[in-house]
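Open your viewer and get ready to click around. We'll go stop by stop, with something to select at each one.

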Amino acid sequence: MSRVLCKSTSALIPSLASSASAHFRFKHFRTSSSSSSSSSSFSPRVSRMATEASSSSSSSSASPSPSSAIDFLTLCHRLKTTKREGWVRRGVNAPESIADHMYRMGVMALIAADLPGVDRDKCVKMAIVHDIAEAIVGDITPADGISKDEKSRRERAALEDMCKLLGGGPRAKEISDLWMEYEENSSLEAKVVKDFDKVEMILQALEYENEQGKDLEEFFQSTAGKFQTDVGKAWAAEVASRRKKSN
């Protein structure tokens, strides 16, 4: 997500539902990502539970246990309920959630034309995990006074604990690898998905402008000249053209 669209800087994740096994129960799962906090961290109990989940899952299994899967999905519920803070701060009515944003990015990857050297299926997967750590840390805005390196450190730590909660194994490793590849912009797929991240944002900005009469020029300015791929540039140009016609 573009830095201009970072979410709340301090998020309290409410008690999560009990799983089939008593040792997977969550209570008072707190995150801390405000500028007044030194880091975003799990309570000792939750960290211990994530470790237990990882050790209890067979490393040879391609799938997480039902208990680990439901625990992980319950945590991911935060992605459905947390609103994108950039829109909230600008008074947008009924703003989209993190999950809304990632879903349309996944659709973008699904419908995009085949690109030389780009694995489309990998792009779809990357789109739906690229903001997954925000289930714990939220988004950290420049106004928080937190460096890019510190933001990345917090997200990496959150992702590691989420993968442990899933029980480790191939599925967790795939999520971690996809997230890291996107974070480091280290592949063609990552460059395509980063462009989709920006395109989705400006398309959403245009929709809010048309629907609610907002002036969201800053979101367009924040992405200008930053697209890395031909598909990103072409889709951004189409959004810009439609915005010009609607003004």
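How many of the 25 residues of helix 9 are buried? Before you look, note that this is a predicted model, where local features need pLDDT of at least 70, side-chain atom pairs count only at pLDDT 80 or more, and totals for chains, interfaces and linings use all residues. Residues are numbered from 1 along each chain as its sequence is written, and side-chain values use heavy atoms, leaving out hydrogens and water.

Now select residues 188-212, which make up helix 9. Helices here are DSSP runs of H or I with at least four residues, numbered from the N terminus. The count is 18 of 25 buried, so helix 9 is mostly covered; buried means under 20% relative accessible area, exposed over 50%, and partly exposed in between, using a 1.4 Å probe and protein chains only.

Next, click Gln-204, inside helix 9. Gln-204 counts as buried because its relative accessibility is 9%. Show its neighbours: leaving out residues up to four places away in sequence, Gln-204 touches Trp-87, Glu-96 and Arg-104 (contact means heavy atoms within 4.5 Å).

Step just past helix 9 to Gly-213, where phi is positive, about 70°.

Last, hop to Asn-185, in the loop between helix 8 (169-184) and helix 9. Its phi is near 50°, a positive value in a residue other than glycine. At 22% relative accessibility, Asn-185 is partly exposed.

Methods
Helix = DSSP H or I, 4+ residues; strand = E, 2+ residues; numbered from the N terminus. Expected span 1.5 Å × (residues − 1).
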